[in-house]
Amino acid sequence: MSNFCKRLSVIACTVAACCVVAGAAHAAKDKDKPVKLKVGDKAPEFTSVDDEGKEWKSTDHVGKKILVVYFYPADLTGGCTKQACGFRDNMEKLNSKDVEVVGVSGDSPENHQLFKKVHKLNFALLADEKGEVAKAFGVPLRKGGDFNFEFEGKKQVLTRGVTASRWTFVIDQDGKIVHKDTSVKAPKDSETVMEVVAKLQKP
């Protein structure tokens, strides 16, 4: 092989290597871009762990009922408690409309168990400690933290992995997002959801 051909071969290999590196960097950059879901988009499929430590797959629920997925910052805090109790109090009405509700936060299953016990919550809470479900929905995240709580005379420190923003999504039985609320009023969230469901089910 002539020196000229050797030089061409080296240049070609260098260009190819640069393209591979650039492609990988571009892919990594795209992966880090926040997801921007809008009404009408197909809801992302996801798997998480519920308050009993069991695997929870969205594919087992979407399509069977209207699914409400609401993200909230932390168990047992003021606004989050009002939001959860609103869903609890309206659960019978929601169930009668074929609606299932799941709450998602960066808390552990153990934190969720305590939250449900204290406030007698009647729906599943999902532990999104790494924020993977929140990212799939484009929900902004902040660092996790600790929350001091006393129950039945015992002081406990509840640690959460991440802190999600308070966003609510409603997914219809076709798996599409029909409602996205990024400015949730915690005490009124369940009522807002019921209004959305009522519009969906109008003949």
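Guide: One term to begin with: a residue is buried under 20% relative accessible area, exposed over 50%, and partly exposed in between, using a 1.4 Å probe and protein chains only. By that rule, 43% of the chain's 203 residues count as buried. This is a predicted model, where local features need pLDDT of at least 70 and side-chain atom pairs count only at pLDDT 80 or more, while totals for chains, interfaces and linings use all residues. Residues are numbered from 1 along each chain as its sequence is written, and side-chain values use heavy atoms, with hydrogens and water left out.

Visitor: What is the mean pLDDT of the chain?

Guide: The mean is 88, and 84% of the residues reach 70 or more. pLDDT is the predictor's confidence in each residue, from 0 to 100.

Visitor: Where does pLDDT stay under 50?

Guide: Over residues 10-30. The model has zero contacts there beyond four places in sequence, a contact being heavy atoms within 4.5 Å.

Visitor: New topic. How many helices and strands?

Guide: The chain has six helices and nine strands. These are DSSP runs numbered from the N terminus: helices are H or I with at least four residues, strands are E with at least two.

Visitor: Which residues of α2 are buried?

Guide: C80, T81, Q83, A84, C85, G86 and F87. The buried residues of α2 pack against β3, α3, β4, α4, β8 (167-171) and α6.

Visitor: And which ones in α4?

Guide: In α4, residues 109-119, the buried ones are P109, N111, H112, L114, F115 and K116. Their packing partners include α2 (78-89), β4 (99-105) and β6 (141-151). After α4 comes K120, with a positive phi near 50°.

Visitor: Which residues touch the most others in the largest nonpolar core?

Guide: Y70, F87, V101 and F123, out of 24 residues in that core. A nonpolar core is a set of buried Ala, Val, Leu, Ile, Met, Phe, Trp, Tyr and Cys residues joined through side-chain atoms within 4.5 Å. Among the elements giving two or more residues to this core are β3 (66-71), α3 (91-96) and α6 (189-200).

Visitor: What does V101 touch?

Guide: Leaving out residues up to four places away in sequence, V101 touches V68, Y70, F87, M91, L94, F123 and A124. There is also a second, separate core of 20 residues, which includes W56, F71, A134 and A164.

Visitor: Last one: how many contacts join residues at least 24 apart?

Guide: 66% of the contacts between residues at least 6 apart in sequence.
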